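Here is a friendly briefing to read alongside the model.

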Amino acid sequence: MQVIEQVSAIRAKVQELRCSGKTIGLVPTMGALHEGHLQLLRASAQQNDITICSIFVNPTQFNNPDDYKLYPRTQVQDVALLQAVACDYLFVPDVEEVYQQQTQLKFSFGALETVMEGAHRPGHFSGVATIVSKLFHYVQPHRAYFGQKDIQQVAIIRQLVDALSFDLELVCYPTVREASGLAMSSRNTRLSQEEREQAAHLYKALQLAKEQLLQGQPVVLVKAEVQRYLHEIKQVALEYFEVADAYTMQPVQDAHETQELALCLAANVGPVRLIDNMLMNLNERNTVTLGIAGTGVA
Ligand code: AMP
């Protein structure tokens, strides 16, 4: 695997690869890699001639300076993991080169930005859209890989790709979890053992909500039950729990407004803010037609 730091070098490499007819898969990450990332990298390696992983802790998407400062940076381990999944290139640009001049450009995603992560992290999705657009321009991938773990981000990037006519295919894979059910996340490394055990209750809360919705409980009662359940867990402070339409990401009051739901939450566990979600279908088909690979429905 070749490590490339300069934007001009990745542009030159990509041009050479494209001229020789190679297909390119891009897996954008912020590093501190885990199985959730590796799943995306393996998929890319299978589906493309060349796989490029980017690692860039993007300052413009952090609305909390401590979160940016304390975000885990583990490049030596990351390189070893990338070599093991046959990644071809690791692209690790400098912040100074990516953001040579401070950009005034702001993205706005309408209704998607008024709910959940959009509402709770002002400016976050504009920062995400900025860096993802830059990476798409630098790397010009045929396919780009993202995780369902950040489901609202996938909706944002889908809108970005459509609106700016990026010529690429978005590929999404399901959330990879620890044995406890805790969604894998780079931020989990900042949890103590006790916090990590408590964080597993976030997944249990999503399971509880799903069961209750399948039993026909009204959304308002399910939300109250999730709040009650997590309130009991020491060191877990729920920020939001929403029952949303899986396509529009808009919260629903009546689960029967739509068949396909995304149950989404954010919570602080000790010092760390975590998000998680679960897709469900009220018909109990258990698959949701979001184009997420591995869920059985295209
Ligand atoms: P990050 O490094 O956290 O920015 O994540 C990079 C990509 O990996 C994003 O598309 C995430 O949605 C995806 N990802 C992160 N954690 C997981 C996970 N547990 N399962 C599946 N995909 C994930």
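A search of this whole predicted structure turns up zero disulfides.

**Cysteines**
- Cys53 takes part in no disulfide, and the nearest cysteine sulfur, which belongs to Cys87, is 5.3 Å away.
- That distance rules out a bond here because a disulfide needs two cysteine sulfur atoms within 2.5 Å.
- Cys53 is buried, with a relative accessible area of 0%.
- Cys264 is in no disulfide either, and its nearest cysteine sulfur, that of Cys172, is 12 Å away.
- Cys264 is buried as well, at a relative accessible area of 4%.

- In the side chain of Asp150, an N or O atom sits 2.6 Å from an oxygen atom of the ligand.
- Gly147 contributes through its backbone, where an N or O atom is 2.9 Å from a ligand oxygen atom.
- Met184 also uses its backbone: a polar atom there lies 2.9 Å from a nitrogen atom of the ligand.
- On its own the ligand has 480 Å² of accessible area, and the protein covers 92% of this.

**The shell around the ligand**
- The ligand is surrounded by 17 residues, and the closest are Met30, His37, Asp150, Val176 and Met184.
- At least two shell residues come from each of β2 (24-29), α2 (35-47) and β5 (143-147).
- The largest share belongs to α2, with four residues.

Technical notes:
Residues are numbered from 1 along each chain as its sequence is written. This is a predicted model: local features need pLDDT of at least 70, side-chain atom pairs count only at pLDDT 80 or more; totals for chains, interfaces and linings use all residues. Side-chain values use heavy atoms; hydrogens and water are left out. A residue is near a molecule or strand if one of its heavy atoms lies within 4 Å of it. A polar contact is a pair of N or O atoms within 3.5 Å; within protein, one must be able to donate a hydrogen and the other to accept it, and residues adjacent in sequence count only if both atoms are side-chain atoms. Accessible areas come from the Shrake-Rupley method with a 1.4 Å probe; for residues, only the protein chains shown count as cover. Buried means under 20% relative accessible area, exposed over 50%, partly exposed in between (1.4 Å probe, protein chains only).
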